[in-house]
Amino acid sequence: MQRLCVLLFVFASVTLSFGFEGIGVNYGLLGNNLPPPAQVINLLKSRNIQKIRIFDPNPDVLKALEVSAISVILGTRNEDLQALASDPTFATNWVLTNVIPYASLIKFTQISVGNEVIPGPLATFVLGAMQNLDSAIRAASNYYIPVTTTISLQVLGTSYPPSNGAFSEDANQFLQPIAQFLATKQYPLLANVYPYFAYAGNSAQIQLDYALIKNTGSVVSDGQFQYNNLFDAMVDSLYAALEKVGQPTLNVVVTETGWPSAGDVYATIDNAQTYANNLIAHVSSGQGTPRRPGKDVETYIFALFNENQKPAGVEENFGLFYPDMTEVYHVNFTPKKN
């Protein structure tokens with residue numbers, strides 16, 4: 001968001017079995033009526049939600065996550081990027097305060113240095129912050145915790161058809177060296193992918209079923225690649241952009257995706273439910289995308305709760321749950337594999 005999110009799988013009326021990897025939810029805190037973290041973690045455990053993303057190292061959330069067996073993408077605050085980049089001691093203290101005390105009790109899968117700051121005034125600090133945090137983690141522990149960043153697809157100057165995917169000039173100056181760093185370390189790039197916003201901004205030319213992952217036949221032909229849903233097309237446009245900067249092996253994790261249930265004419269409970277269920281079935285199938293067939297797309301749904309301190313409208317209506325922990329709509333977390 002730009003749009004926050006919650007890792008994805010949270011509801012069902014029966015015990016959920018999560019036999020597949022790759023689906024999580026974003027746990028945001030921009031609400032003044034949200035349940036305490038201990039209750040939230042119990043909710044996640046009761047729904048067999050095994051992966052979450054949090055946006056900053058909130059000590060109450062981290063404490064509640066201890067020994068939960070829930071893996072975590074941990075974010076830094078955008079406000080800390082300049083200090084993390086310019087002061088190695090600040091980066092070391094950040095790690096010693098927010099990572100090391102918990103690392104034996106929480107599985108940190110990645111640390112995300114900033115959320116959607118490329119391009120922009122904070123973009124110049126991202127790589128230095130990543131390098132300093134990576135060095136601090138390796139110096140302070142024996143834990144393997146990849147350090148990366150989260151981008152929005154606004155970094156793409158061209159995205160259609162997917163094979164034409166390329167970074168904008170403003171974004172490329174930052175992302176080319178970042179991609180090189182990540183490839184050298186074999187760390188993934190994190191990306192927020194929202195078919196909803198693409199559709200809402202261009203509903204005259206994009207089919208709703210294509211955005212909702214409802215199609216079974218090809219809608220977009222792109223040379224040898226055939227696309228029946230917008231999610232795959234957006235992910236592959238990013239892979240094409242990475243290929244163009246010389247990083248064809250870099251892995252992408254989709255850290256946010258979702259569909260709001262209220263706030264405009266396209267944001268309905270039915271559309272949100274359809275998107276979430278179809279996304280889960282698609283991602284869990286293991287079929288990958290046309291450009292990366294058979295490659296799991298690790299994905300986190302936005303969001304866990306409706307958050308009333310986000311901007312009014314669709315932004316506050318991405319939740320899978322209301323703050324009282326009842327479902328906004330039902331999601332099938334045990335889809336049949338293709």
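Thr-76 is buried, at 4% relative accessible area (buried means under 20%, exposed over 50%, partly exposed in between, with a 1.4 Å probe and protein chains only). Thr-76 sits in the loop between strand 3 (71-75) and helix 3 (81-86). Helices (H or I, at least four residues) and strands (E, at least two) are DSSP runs, numbered from the N terminus.

This is a predicted model, in which local features need pLDDT of at least 70 and side-chain atom pairs count only at pLDDT 80 or more, while totals for chains, interfaces and linings use all residues. Residues are numbered from 1 along each chain as its sequence is written, and side-chain values use heavy atoms, leaving out hydrogens and water.

**Around Thr-76**
- A polar atom of the Thr-76 side chain lies 3.1 Å from the backbone nitrogen of Gly-114.
- Beyond four places in sequence, Thr-76 touches residues including Phe-55, Trp-94, Ile-111, Gly-114 and Leu-133; contact means heavy atoms within 4.5 Å.

**The barrel**
- Eight strands form a closed barrel in the order 1-2-3-4-5-8-11-14, with parallel pairing. Two strands pair if DSSP finds at least two bridges between them.
- Neighbouring strands of this sheet are turned by 25 degrees against each other on average, direction ignored.
- Strand 8 (residues 189-192) pairs in the parallel sense with strand 11 (residues 252-257) over four bridges.
- Leu-190 stands opposite Val-253 in strand 11.

**Helices on the sheet**
- Helix 9 packs on the sheet and touches strand 5, strand 8, strand 11 and strand 14 (299-301). The direction of helix 9 makes about 140 degrees with that of strand 11.
- Helix 5 (residues 126-140) lies across strand 4 (108-115) and strand 5 (147-152). Helix 5 runs at about 150 degrees to strand 5.
- Axes are lines fitted to C-alpha atoms, for helices over the stretch in contact, and angles run from 0 to 180 degrees between N-to-C directions.

**The nonpolar core**
- The largest nonpolar core has 102 residues (a set of buried Ala, Val, Leu, Ile, Met, Phe, Trp, Tyr and Cys residues joined through side-chain atoms within 4.5 Å).
- Helix 9 (residues 230-244) gives the most to this core, with nine residues.
- Ile-52, Ile-118 and Phe-231 have the most contacts inside the core.
- Leaving aside neighbours within four places in sequence, Phe-231 is in contact with residues including Val-193, Ile-213, Val-254, Tyr-275 and Val-297.

**Met-234**
- Met-234 is found in helix 9. Met-234 counts as buried, at 13% relative accessibility.
- Residues up to four places away aside, Met-234 touches Leu-153, Val-193, Tyr-194, Pro-195 and Ala-198.

Definitions and conventions:
Polar contact = N/O pair within 3.5 Å; in protein donor to acceptor, adjacent residues only side chain to side chain.
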